[in-house]
Structure formats: C-alpha cells, structure tokens
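Let's walk through a few spots in this fold together. Have the backbone in view, and we will go loop by loop.

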Amino acid sequence: MNLHLESYSEGTIAERVATHRREFLEIARHSGKFPTATARRDGESLRITAWCSNDYLGMGENPRVIEATTSAIRAHGVGSGGSRNISGTNQYHVQLERELAELHGKEAALLFTSGFTANDGALTVLAGLPKDTVVFSDAENHASIIDGLRHSGAQKHVFRHNDVAHLEELLAATPADRPKLIVLESVYSMSGDIAPLAAMADLADRYNATTYLDEVHAVGMYGPEGAGIAAREGIADRFTVVMGTLAKGFGTVGGYVAGPAALIDAVRTLSRGFIFTTSLPPANAAGSLVSVRHLRNSEVERQALAENARLLHQLLDEADIPFISADSHIVSAFIGDDRACKQVSRLLLERHGMYVQPINAPSVPVGQEILRIAPSAVHTRSDVEDFAEALRDVWKELGIPSASDRRLAPQS
C-alpha cells in the first residue's frame, strides 16, 4: 500500500511541523513528594521541581483520593468495559455526576473523558440544535470551544477578549428572534485573567441569550466549596450551563458539563463525543468523587494556592518581571520572543532544576510567547522565593525587557 509518506516530509506540511514542533520532557511524578519529580533528558535523569503542572492543589497525590482509586481498581478492574450506553456506566459515574450537579447548583451533570471532549461534544449539540442559533465567543476561548462551535455549524461572532462593549454591539446587531448563545471562560488559561462575569450575565439577560461558562481553571480553586468564579461572585445561577474538568483542581482526569436537565439530556442523547467513546474507568470516577467531596469541605488547599500566587506576583513585581495578569493563580511571565522563551526555560531547568514549559504558537500568537508559571498549593514559601530569584537572574542574563522597559518603550 502506497501511503505517500513523502508528502508529509515535503513542502508546506514539513514547514508547518518544523515551525510548531514541540519538545516533550519525560516526567516521573513521585506520589507524596510533588512538586518534586524526576525528568529524563538526553538519556540522563534530573531531579526537578515542577512549575507548570495543572494539578494546582496537589489532589493528584491526596492519600484519600489514591485509596479510593486503588480500592475501585481492586473491586472493578482498570477499565469501564464500554461506552456509557453499552455496559460502561458504573455506580461511581452516577454518583459523581450527582455530586457535580450539586456542587454547581444545577439539575444535572454529564461526564466526559476529558475537558476537551466535554467542550467539543457539548457545544456541538447546544450551539447546533436550536435552529438559526447565533453564537458569541470570546476571542481567547480554548481550542476545544472553537472546535465544538465549528462542529455545530452555528453562525459565530467572536468578540474582543473580555470586551463587554464589543459583545453588546454584536448582540444588538443580531435579530431579536434568533436564539443566542454566549460562550466564555471564567479564568483564561494562558493569560490568567478573569472575565467580567456579572457584566456578561447582564447582557445575556438583556438580549435573552443562553450562557455557557467554562470554569476549567477555576473549579476546586475558587468560590464556596470550589464551585468556581461565578459562585465566588454569587452569580452562578445566572449562567445556564457550566463546564469543568476533573484534571486540574481535582487532580484526576475527565471533563463535565452541568446545567438544566433538558439541556444535559440533549447532550447525553446526541453528543457523538459522549456516545461513541469508552467511558472513564470506574477508578478514575471513584477518585474524582472523593476529590470533589474533599474540596467541598476543605479551604486549606485553596488558601495555600492563593497565598503562593500572591507571593509570586509580589516577587515578580519587585524583580520588575512583566506578567500578564494578577487575577488568578496562573502567572504568565511575558517574554514575547520564541527563542528567548525557550532559553529561559532551558536555563531554569539546567541550572536550577526548575521546570516551566515555554508557551509558543499556536497556543499563543507569534510575538506573545510566555512562561506559564503555575505555583501550586504544595509549593512551600521558600520554593516560591527560590523560583522568583532564579527567574530574575536568568531574565537579567538574557537581557529580556523588564516591566519598566516595556512601559517606557514607544507604542506602535
């Protein structure tokens, strides 16, 4: 069989791969010792501390979560055995969905195998099902949202990031009788800034729009019981559907949507990403259930995360290192150059054993490269201080513009 493999090494395909090639560092996390880990690079093992993990609260090594997971494996094995419709629904799936619906104050919830498939699968249905729906999507929404809206076939308008006035302009220009869906995130994954949720909810009310709120980088970490930013602001009931993940604050794997029973049932019935895939292993659902319940009753992890984020923001301010936003625990140090970004990451790893993955295109636009730093609840104060000092030294050595330099530079 001729697969025309030469086509993948010639011309535009090869150029695109070369331009966006990613380097993966092999990481072995050590249970009970995170954020320390062992990395393998060029055949050598390095002891490192991780500064870009999405296990923000360290729940991936919580003893109760581990015990629940391993107990479920002993009881039910390692796999679910099928899709949810064909032998793949376990008691833990059902209990977890009830817990998540209760967490968000919604009628129902539905599990997916990942956050990406949750957004893609849910939005394909919710944006595509009502005839002639017009979608309004924030310019910095995640790729999974973009894909779901594309697959829905709905008409889409993109509003400038967090720009309430631009969103209203687009809403006002849309016929009043067209179904409308506003899709946004609460905490944005690359910038770390937070959406003006109350103002967005006001517009949804004014223009009779349904709302879909992605709280992936907020669930577990913000609001009463870890229900997210909308809950923190006391307006969770103003958002029709909330989407979240189990793979970040809750430390496990999987995604979900929660909302009115009729909408969740439509997704359960019609979403190809839900129907035609093997369900989460029962052990993952069991561990997630314990994690969600733990964080609904514990403020310790959220407080530690908030304190470390505040400290890192303060230290970077003192070091004159620019970062995009101080709104959240995502601390995105702005570099704005692909080569320099990779150099900073390499020097931090080689000299200090500190691992931060450089973020470049297509995750961010060319010229907007960042170090996406994620201090966690399990970093110590001295960890944060050591990291800030190491970053300051590397920043100065490479001559990367400081925050003051950028403020003084002429605007183009």
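Asp132 sits in the loop between helix H4 (115-128) and strand E5 (134-138); helices (H or I, at least four residues) and strands (E, at least two) are DSSP runs, numbered from the N terminus. Though not a glycine, Asp132 has a positive phi of about 65 degrees. With 45% relative accessibility, Asp132 counts as partly exposed, where buried means under 20% relative accessible area, exposed over 50% and partly exposed in between (1.4 Å probe, protein chains only). This is a predicted model, in which local features need pLDDT of at least 70 and side-chain atom pairs count only at pLDDT 80 or more, while totals for chains, interfaces and linings use all residues. Residues are numbered from 1 along each chain as its sequence is written, and side-chain values use heavy atoms, leaving out hydrogens and water.

Next, look at the loop between strand E8 (210-214) and helix H8 (229-232), where you will find Glu215. Glu215 is buried yet has no salt bridge (a side-chain nitrogen of Lys or Arg within 4 Å of a carboxyl oxygen of Asp or Glu). The nearest side chain of opposite charge is Arg232, 8.5 Å away; here Lys and Arg count as positive and Asp and Glu as negative, with His and the chain ends not counted.

Glu225 is in the loop between E8 and H8, and its phi is positive, near 65 degrees.

Finally, turn to two prolines. A cis peptide bond joins Phe34 to Pro35, with omega about 20 degrees, and the bond from Ala361 to Pro362 is cis too, with omega near 5 degrees.
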